[in-house]
Amino acid sequence: MNQRKTVTLAVAATALALSSLSAQARDFRLGLITPPQHLWSMEAEAFADSLNARSDGEHSVSVYPAQQLGNEAQMVQQLQTGALDMAFLTIAEISNRIPDFGALYAPYLVDDVNHAARLLRSDAAGELLDLMPQGVGLVGVGYGMVGMRQVLSRDPITTAEDFEGLRIRITPFEPIRDFYTATGAAPAPMPLLEVYDALANGQVDAIDMDFDSILILKFYEQAEHLLISNHMMFPMVGVVSGRVWSELSPEDRELIESTMAEHLENVLAGFEAKDAAQEEEIRALDLNIVEADAEFFSEAIAEWEAIWAPKAPMLETLREEAERLREK
């Protein structure tokens, strides 16, 4: 799997200056927003075990799932100061700070989970990681993901007009907010762990979500209408604090990078492997299912493109790569 190793000259220079220092055993802290039973969290724990074993017990990683260290905006701040060492982050928060990452959320950029994984493994996606040290003070190791985005709602959605005025839960970031605003909906940013109750009490009418989370967190118990649209992929990025990175020896940087990359690949491969079975499980539930494609959202897509094509120049590169990777 391709993984990017470029860091900014400033980070590299600092690391070089410190490389003569002897390596020190460290207990790293890794934060993420997903619950313990989620694949991201499980692979974070597996990464911790692997790093400990491969460093002969010298290094350990304490994993903090389920927003124990705060939301993603708070974790990014902690990473920037070095108070937090590592994280598995949705691309959402990164795209709020580096607009080019918003290109990964282009509606219908990819066809399905397998196509998304191929794009995230590509050099084109890797170029985005190179922007992170200077743009946000983090070192991007590689990508994971969850499944494609769908819309689960309390009332039926059968046409694009049904989105008008719909209060829909989203992950708090601009590309997805702009997409749903273009549909006429009222996007409502909300942490993942608050979604079940929000559906139950009518705080939101619908949620933007993947099959995996719908099943794990049983959102289908509170909403019985599902629009299977596969309208966006939802990447994750494994990161290390730039401040922490600069303190590590070259050997430790290589060890952390290679080990984390392996477990990020497990996330990609894991969602590729289980997506079809999860869709089958979803279809077997007592849900009213409607299917949608790019034509369904044509007006919203055009509006999204008008906003994001100028903001995210990498969109053209990613679209060309996605087309190249598209299975004929």
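Which residues in α2 meet which residues in α12? Before getting to that, a word on the ground rules. The model is a predicted one, so to speak: local features need pLDDT of at least 70, side-chain atom pairs count only at pLDDT 80 or more, and totals for chains, interfaces and linings use all residues. Residues are numbered from 1 along each chain as its sequence is written, and side-chain values use heavy atoms, with hydrogens and water left out.Back to the helices, which are DSSP runs of H or I with at least four residues, numbered from the N terminus like the strands (E, at least two). On the α2 side the residues are Leu39, Trp40, Glu43, Ala46, Phe47, Ser50, Leu51 and Arg54, and they meet Leu255, Ile256, Thr259, Met260, Glu262, His263, Asn266, Val267, Gly270, Phe271 and Lys274 in α12. Contact here means heavy atoms within 4.5 Å. By class, this contact has 10 nonpolar, 5 polar and 4 charged residues; Ala, Val, Leu, Ile, Met, Phe, Trp, Tyr, Cys and Pro count as nonpolar, Asp, Glu, Lys and Arg as charged, and the others, Gly among them, as polar.

The axes of α2 (residues 39–54) and α12 come within 9 Å and cross at roughly 150 degrees, which makes α2 roughly antiparallel to α12. That label goes to angles over 145 degrees, taken from 0 to 180 degrees between N-to-C directions of lines fitted to C-alpha atoms, for helices over the stretch in contact. Histidine 263, found in α12, touches Glu43, Ala46, Phe47 and Ser50, not counting residues up to four places away in sequence. With 4% relative accessibility, histidine 263 counts as buried, a term for under 20% relative accessible area (1.4 Å probe, protein chains only).

Helix α12 (residues 250–284) also lies across β1 (27–31), β3, β4 and β10, at about 20 degrees to β4. These strands belong to an open sheet of 5 strands with mixed pairing, in the order β2-β1-β3-β10-β4; two strands pair if DSSP finds at least two bridges between them. Its edge strands, β2 (60–64) and β4 (138–146), each pair on one side only. Inside the sheet, β3 (residues 86–90) and β10 (residues 234–241) run antiparallel over 5 bridges, with alanine 87 partnered by valine 239. Helix α5 (residues 113–120) lies across β4 and β10, at about 165 degrees to β4.

There is also an open sheet of 6 strands, again with mixed pairing, ordered β7-β6-β8-β5-β9-β11. Its edges are β7 (186–189) and β11 (288–291). Strand β9 (residues 225–228) is joined to β11 by 4 bridges in the parallel sense, and leucine 226 stands opposite isoleucine 289. Helix α8 (residues 174–183) lies across β5 (150–153), β6 (167–170), β7 and β8 (206–209), at about 165 degrees to β6.

Note on methods. Angles under 35 degrees count as roughly parallel, over 145 as roughly antiparallel, 65 to 115 as roughly perpendicular and the rest as oblique. Buried means under 20% relative accessible area, exposed over 50%, partly exposed in between (1.4 Å probe, protein chains only).
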